[in-house]
Amino acid sequence: MTVNRRDLLKSAAAAGALSLAWPLAPGLTPAQAREAAENLGAEYDRAPFTLGVASGDPQPHSVVLWTRLAPEPLAAEQRLPEVVEVEWVVAKDARLRRVVARGKAPASATLGHSVHVPVSGLAPGRHYWYAFKALGKTSRVGRTKTAPRGRVSKVTFAAANCQAFHDGYYAAHRGIAREDVDFVVHLGDYIYEHGQVGGVPEKHVRDHDGPEILTLADYRKRHALYKGDKSLREAHAAHPWFLTWDDHEVVNDYSGTGGGAPFMRRRAAAYQAWFEHMPHRDSFGGSALPDPEIHRVRRWGDLLELAVLDLRSYRSAQNLPDGTILGAEQKAWLKKTVDRAPDAWHVWANSIMLSQLRGRPGGSYMFTDQWDGFLAERKEVLGHVHKSGLEDLVVITGDWHSAFVDDVRTDFDEPESPLVGTEFTAHSVTSGAYSAEWNAANGPLMGKANPHLKYFEGNRYGYDVYEVTPERFSAHMRVIGDRRDPRSPVSTLTTFHVDRGKAGSYEDEDTKNSPAQYRRDAA
Amino acid sequence: MNLVVNGDAESGSGGTADPVATVRGWKVAQGAPALIAYSLGGGYPTASDPGPARRGSRFFAGGNSPRTALVQDIDLPRSGPTGRRAVDAGKVRYTLAGWLGGYAGQEDGARLSVEFRDAKGTPVALSVLGPVSAADRQGRTGLLERTAEAAVPPTARSARVLLVFTRSGGGTSNDGYADALSLTLEPTGGRR
């Protein structure tokens, strides 16, 4: 299949026809664009459920189900009635025979014909299967799982981030779909907003559907394009997801506040399209769409407390003395969450790197779009963690397109300052990392410049799987062999552990000789 | 009938460019708005600048906060030609309208949105108006009309109206402006 697709791309390129087929040339009708996309490897579910099904925000008695009706996924407007009635069903079995809940929800054109169904009355800690029906058609069957209550001996979950469509196929999501995990966390950069990159098939396996996206119609099409990778739909259909976002869901390196009217209009369009394509349960707090509220705290029994952070909506500009990455309200909420934390593992879903990162000894911060651009707030938050006596903190992070393991200290410039947690920054699903040469040269430099940095590996792509017991938190770095292969096999590159009650991580003996461009223990 | 209470900024304290702590009919969710008189002058919109034909005496502005947000929760009618039975039969449409604007070439702005919700609070429809840009206003201080209309989806029971003013760049004053905000329901013969 891979070979066929590559051959097709190559022959199309050789014939000078690539611009007509893929990238999805301007001027094609939505149907032609979809056909061209499918001829070159994209696959959609049967209409109108082309974009698949998903579930999210699992709680002990409730989960949100999602789908969107998009008979022509790459059309700006769907040829559908203004409101379509969508039936949904939840059952205890995959054949949907032992039904426990069913109902109807309206899919409105104003929300892109998406539906978000918060199903309640479910039993804690068990799998359910679900499907939708509309316009005489039935969707694929999805599987979800509710959060358990009470004593829990183990939780396993995956984290994915950064999935540039053009940079590769989603073999990582294919792997996630096949993992035996309780849930998935997406850490952001679910889509990218820029235009076409070209270079297909030599440098990129596929491309965006048009120029930089700006309007609601643009963002809808981009989300629909990304969901044209069947592995992504498979991963959504296999597990419930928790979601946060980073910058590319709107535009590179943006700050959610302070922009002018044209940007605020664009941001609202991007946020709305994100909501329309995600199994997101809006908080129903003080806000409303098109400003979805993402940050939340969820528990997986007595074992794990997950705080999902939104590091984009409320941030100020970078490098201000009084700058904020969380915003005043979310910061107060996070500190309160820390104060009220139960005795459990505490995981922060954090889209962009928390730990300090200097490029070389004595050098400046590599990127101040990450927490390095918000020094006072980082110090305040981590100081609060320390003062409150919070233990067993693990921060899971995306954005960097490379894997890092860091000790989280209250003052990164003081190597002896209190160690309050561990940060695992995961490989990206596909988004391009630095070159192998850059990684080889700079891994040791970063290690030298950042005494809290324990590990760096930037030559691979994949996702993390976290296996958590009352005694230990283990981060398994899953990597794929080749981004150009949609069925690339998954392997475990290495595993790091954190023992309960003891801040700091250590690498598993069995994998500590695996390839990496920096490893403190070996330095 | 306009379901938005005090959508014209005419009620309650205000009249100057000073922010007010409360606004009749609205919950101040963030920042603090100003309810400014068209007669105030000083560069603010006047009776002769672009704006609603019947504009009353005052308009909403963003005050001095970088982001000011006002929220109004509206219960949809239980009965009548736009009541629950009509909504569930797909026989009601809504129109969201407002005049939104800003100052001269600046990009401070106001955005008006309505989210319809079912009985559980789940969003079932959304319309967003604005913010209008300086280019939309051709660099002139004033307010422009924006409207959206759509079907009220079956199961909708409430509407949350959100009015957000955003300040761009530096300065103190948040010069997003809004006036004549309305949400109306209309019975129709059936689904379109």
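## A briefing on the two-chain model

Let us start with one residue: Asp407(A) sits in strand S16 (residues 403-409) of chain A, where helices (H or I, at least four residues) and strands (E, at least two) are DSSP runs numbered from the N terminus. This is a predicted model, in which local features need pLDDT of at least 70, side-chain atom pairs count only at pLDDT 80 or more, and totals for chains, interfaces and linings use all residues. Residues are numbered from 1 along each chain as its sequence is written, while chains are lettered from A and ligands numbered from 1 in the order in which they are written.

**Around Asp407(A)**

- Asp407(A) counts as buried, with 21 C-beta neighbours inside 10 Å; a residue is buried if 20 or more other C-beta atoms lie within 10 Å of its own, exposed if 12 or fewer, and partly exposed in between, with C-beta atoms placed from the backbone.
- Leaving aside residues up to four places away in sequence, Asp407(A) touches Leu419(A), Thr422(A), His452(A), Lys454(A) and Gly504(A); contact here requires C-beta atoms, placed from the backbone, to lie within 7 Å.
- From C-alpha to C-alpha, Asp407(A) and Pro418(A) are 10.0 Å apart in space, and they are eleven residues apart in sequence.

**An enclosed helix in chain A**

- Helix H4 (residues 171-178) of chain A has seven of its eight residues buried, so it is largely enclosed by the rest of the structure.
- Those buried residues of H4(A) are Ala171(A), Ala172(A), His173(A), Arg174(A), Gly175(A), Ile176(A) and Ala177(A).
- The cover over them includes helix H6 (230-238) of chain A, along with strands S9 (155-160), S10 (183-186), S19 (462-468), S20 (472-480) and S21 (490-499) of chain A.

**Chain B as a whole**

- Chain B holds one helix and ten strands, and from the N terminus on its elements run β-β-β-β-α-β-β-β-β-β-β.
- For 192 residues, a compact globule would have a radius of gyration near 16 Å, and the 17 Å of chain B agrees with that; the radius is taken over C-alpha atoms, and the globule rule is 2.2 Å times the number of residues to the power 0.38.
- Along the principal axes, the C-alpha atoms of chain B fill a box of roughly 50 × 30 × 30 Å.
- Buried residues make up 51% of the 192 in chain B.
- Of the contacts in chain B between residues at least 6 apart in sequence, 73% join residues at least 24 apart.

**The sheet in chain B**

- Five strands of chain B form an open sheet in the order S2-S3-S10-S5-S8, with antiparallel pairing; two strands pair if DSSP finds at least two bridges between them.
- Strand S2 (34-37) and strand S8 (142-151) of chain B stand at the edges with a single partner strand each, so one side of each is left without a neighbour in the sheet.
- From one strand to the next, the twist averages 35°, with axes being lines fitted to C-alpha atoms (for helices over the stretch in contact) and angles running from 0 to 180 degrees between N-to-C directions.
- Strand S5 (residues 92-102) of chain B runs antiparallel to S8(B), and ten bridges join them.
- Gly98(B) has Arg146(B) as its bridge partner in S8(B).

**Where the chains meet**

- Chain A gives 26 residues to the contact and chain B gives 34 residues.
- On the side of chain A that touches chain B, the elements giving two or more residues are strand S4 (99-108), strand S5 (114-119) and helix H7 (261-277) of chain A.
- H7(A) supplies the largest share of that side, six residues.
- The residues on that side of chain A divide into 14 nonpolar, nine polar and three charged; Ala, Val, Leu, Ile, Met, Phe, Trp, Tyr, Cys and Pro count as nonpolar, Asp, Glu, Lys and Arg as charged, and the others, Gly among them, as polar.

**The largest nonpolar core**

- The largest nonpolar core has 193 residues, of which Val184(A), Ala349(A), Ile396(A), Leu163(B) and Ala178(B) touch the most other members; such a core is a set of buried Ala, Val, Leu, Ile, Met, Phe, Trp, Tyr and Cys residues joined through C-beta atoms within 7 Å.
- H7(A) contributes the largest share of this core, ten residues.
- Apart from residues up to four places away in sequence, Leu163(B) touches Phe60(B), Leu70(B), Ala110(B), Leu112(B), Ala178(B) and Leu181(B).

**Backbone details to look at**

- The peptide bond from Ala47(A) to Pro48(A) is cis, with omega near 0°, and Pro48(A) is found in the loop between helix H3 (30-39) and strand S1 (53-59) of chain A.
- Leu96(A) is not a glycine, yet has a positive phi of about 60°.

How values were computed:
Contact = placed C-beta atoms within 7 Å.
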